[in-house]
Amino acid sequence: MELLTIEEAEVLGEKHYKQHNAITSGRYDFTACQLDILFMILSSLEEDKLTYTIRAKDIELLTGREWNYQQLRKSTEDIGSRMFEIEKADSYKQIWLFQSVEYLIGKGAFEVMISEPAKPLFFELKNNFTHFQLRSVLGCTSSYAKRLYMLACQWRTIGKFPKPIPIIELKKMLGLVDKRGKEQYTQIGQLKEKVLDVAKRQINQHTDISFDYELYKRGRSYEYIQIYVSLSKDQSKQLEIDYKIPVNDQKNIRTIMAYGISEEYAELIVKNGFDEFIKFVDKVNERAKKGEINVENAAAYIIGTYQKKGVLPR
């Protein structure tokens, strides 16, 4: 087996390792309801805006998940009470994500005001993570699982890290070596129990990849680790809020899909113009009521019409 030099390990790991912001580094997991709220905010982010209105019906339309008043209120309470840490060389800052949350009685909606110091964190999440990466990493409670997930994601198309890396270098990546060079979990059994096995279990349970590892000895002691990674074979296809796409576009796509149209075709119809689609549907309904046309299969009729327009492929 060919092993890495320290220089090669640094290139493989630390130089390519994307640091997390305070939210993804935190030792918190998020419920499905809390994630939906966060993603609704992310998909509506604007540079000069702090207050965002979230409607329960919009979440249900986009995800198929229905949250009642008590679930939403408990979720915003828990998110709002969590403190996140930002540590720099010359300062240590404690921040909270929400400044206030106001529920609008009888409207099925609530307004979230994010705190000004937290705004850069939200934009960093939106710009640097796919929605599935963020959902995956926020589903893990272990900070080591979060970091190993993002590190492993870089190599999932290859199937493993190109070469085994020194365990000491992996410890540095995980923050298990302090500035004075003092290590945590010096016994390999401790490292496996407290870090590697916990991360393996959470990554395999909560994320879109499968994670495994193998340890190698040099002499009598374990000094190298090989990490294996692949796309998970057990991924249930669920509707999710994709915060890279504006909320209104997602709502329009889901509305068109309700007619039996595939997501791919719905996206093309929305690009052509959602208002035009609504006018088209209204006109079809009006003609059907008058007996001018007979539409037995709405999806087929819509697809056929849009194929004739050249919007959808034949």
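The protein chain has 14 helices and eight strands, where helices (H or I, at least four residues) and strands (E, at least two) are DSSP runs numbered from the N terminus. This is a predicted model, in which local features need pLDDT of at least 70 and side-chain atom pairs count only at pLDDT 80 or more, while totals for chains, interfaces and linings use all residues. Residues are numbered from 1 along each chain as its sequence is written, and side-chain values use heavy atoms, with hydrogens and water left out.

Taken along the principal axes, the C-alpha atoms of the protein chain fill a box of roughly 85 × 45 × 30 Å. Of its 314 residues, 44% count as buried, where buried means under 20% relative accessible area, exposed means over 50%, and partly exposed lies in between, with a 1.4 Å probe and protein chains only. Among contacts between residues at least 6 apart in sequence, 62% join residues at least 24 apart; contact here means heavy atoms within 4.5 Å.

Axes are lines fitted to C-alpha atoms, for helices over the stretch in contact, and angles run from 0 to 180 degrees between N-to-C directions.

Strand 4 is joined by six bridges to strand 5 (residues 109-114), and the two run antiparallel. Within this pair, V101 has V112 of strand 5 as its bridge partner, and E102 stands opposite E111 in strand 5. In a regular strand the side chains alternate between the two faces of the sheet. The hairpin of strand 4 and strand 5 has four residues between the strands, and G106 takes a positive phi near 80 degrees there.

Strand 7 and strand 8 (residues 221-231) pair in the antiparallel sense over 10 bridges, and F211 stands opposite V229 in strand 8.

Of its 11 residues, 10 are buried, so helix 8 is largely enclosed by the rest of the structure. The buried residues are S143, Y144, A145, K146, L148, Y149, M150, L151, A152 and C153. Their cover includes helix 2 (22-25), helix 7 (131-138), helix 9 (167-173), helix 10, strand 7 and strand 8. T24 has its place in helix 2 and, at 0% relative accessibility, counts as buried. Leaving aside its neighbours within four places in sequence, T24 is in contact with L125, F129, L134, V137, L138 and K146.

Finally, there is a pair of helices to describe. Helix 11 (residues 247-257) and helix 12 (residues 263-272) pack at an angle of about 120 degrees, with their axes 9 Å apart. The two are therefore oblique to each other; angles under 35 degrees count as roughly parallel, over 145 as roughly antiparallel, 65 to 115 as roughly perpendicular and the rest as oblique. The contact is made by D249, N252, I253, R254, I256 and M257 of helix 11 and by E263, A266, E267, I269 and V270 of helix 12. By class, it has six nonpolar, one polar and four charged residues, where Ala, Val, Leu, Ile, Met, Phe, Trp, Tyr, Cys and Pro count as nonpolar, Asp, Glu, Lys and Arg as charged, and the others, Gly among them, as polar. In helix 11, the buried residues are V247, Q250, K251, N252, I253, R254 and I256. These pack against helix 3, helix 4 (56-63), helix 12 and helix 13 (274-289).

Notes: Two strands pair if DSSP finds at least two bridges between them.
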